Amino acid sequence: MTWGQTDAWMSRARTPETRARIRRWSRVEQVSGWILLIGTVAFVASVPVGIGLAIWFWTAGVDRFDVFAWLYGSGVGVLLIAVGLDAWVGPRLAEARFADGRCTVGTIEEVVELPGPDADGNPTYDLVVRAELPGRPALRRTLGWGSGDSSGPDDRWAGRAIRFRHNTLDPDDEHDALFDGWPDDRQESYR
């Protein structure tokens with residue numbers, strides 16, 4: 001995330017409460033990014049330090065290999081904290097960004113399988129969506145879709161109705177969209 005994105009998201013929010021939520025979750029996301037950077041540097045730095053300590057311990061006859069557990073464990077621990085914090089913050093920031101957004105039902109025009117898999121090795125997709133609004137040009141949006149397992153959306157999803165949130169009525173603001181469920185769902189996802 002770049003620093004200017006927070007200002008752009010806040011400018012689209014309609015209420016002070018939503019702007020405050022966006023600001024708060026953006027700050028937490030920035031903190032998690034710094035923790036991730038520090039954890040990565042600490043872990044990378046621990047490798048040569050650990051090698052140097054191993055050589056020194058071996059030549060001095062020191063039998064203190066618990067030092068390596070602390071050395072590598074602390075680096076991995078900081079990395080895991082940062083990854084967990086980022087995974088916790090991501091959906092909350094997305095919800096805050098679209099809290100004041102409009103809810104629209106569109107139609108999936110195309111399912112595009114992306115070349116790179118997700119972290120678990122499962123395929124990921126982009127759903128190309130088109131929504132007709134009365135008196136306005138059609139909205140075109142792209143929704144990222146992780147399969148969660150080895151099966152996922154396919155060409156049969158083309159033509160299926162999908163509900164999404166968006167902040168602008170710009171017909172070509174392709175990534176201004178957040179999945180909000182299927183139109184046949186009776187439950188509202190953010191209410």
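This is a short chat about how to read a few features of a predicted model.

Visitor: What should I know before I start?

Guide: Residues are numbered from 1 along each chain as its sequence is written. The model is predicted, so local features need pLDDT of at least 70 and side-chain atom pairs count only at pLDDT 80 or more, while totals for chains, interfaces and linings use all residues; side-chain values use heavy atoms, with hydrogens and water left out.

Visitor: Where is confidence lowest, and where is it highest?

Guide: Look at pLDDT, the predictor's confidence in each residue, from 0 to 100. The protein chain has a mean of 84, and 91% of its residues reach 70 or more. Helix α1 (residues 3-12) is lowest, at a mean of 77, and strand β4 (residues 161-166) is highest, at 93. Helices (H or I, at least four residues) and strands (E, at least two) are DSSP runs, numbered from the N terminus.

Visitor: Which residues have the most contacts inside the largest nonpolar core?

Guide: A nonpolar core is a set of buried Ala, Val, Leu, Ile, Met, Phe, Trp, Tyr and Cys residues joined through side-chain atoms within 4.5 Å. Buried means under 20% relative accessible area, exposed over 50%, partly exposed in between (1.4 Å probe, protein chains only). Here the largest core has 15 residues, and Ile-108, Leu-127, Val-129, Leu-143, Trp-157 and Ile-162 have the most contacts inside it. β1, β2 (124-131), β3 (139-146) and β4 each give two or more residues, and β2 gives the most, with 4. There's also a second, separate core of 8 residues, including Trp-25 and Leu-93.

Visitor: Is Pro-153 buried or exposed?

Guide: Pro-153 counts as buried because its relative accessible area is 4%. You'll find Pro-153 in the loop between β3 and β4. For contacts, think heavy atoms within 4.5 Å. Leaving aside neighbours within four places in sequence, Pro-153 contacts Val-111, Tyr-125, Leu-127 and Trp-145. Tyr-125 is 28 residues away along the chain, yet the two C-alpha atoms are separated by 7.6 Å.

Visitor: Which side chain of opposite charge is nearest to Asp-100?

Guide: Lys and Arg count as positive and Asp and Glu as negative; His and the chain ends are not counted. A salt bridge needs a side-chain nitrogen of Lys or Arg within 4 Å of a carboxyl oxygen of Asp or Glu. For Asp-100 that nearest side chain is Arg-14, 5.5 Å away, and buried Asp-100 has no salt bridge. Asp-100 sits in the loop between α3 (66-97) and β1 (102-113). A polar atom of the Asp-100 side chain does lie 3.0 Å from the backbone nitrogen of Thr-15.

Notes: A polar contact is a pair of N or O atoms within 3.5 Å; within protein, one must be able to donate a hydrogen and the other to accept it, and residues adjacent in sequence count only if both atoms are side-chain atoms.
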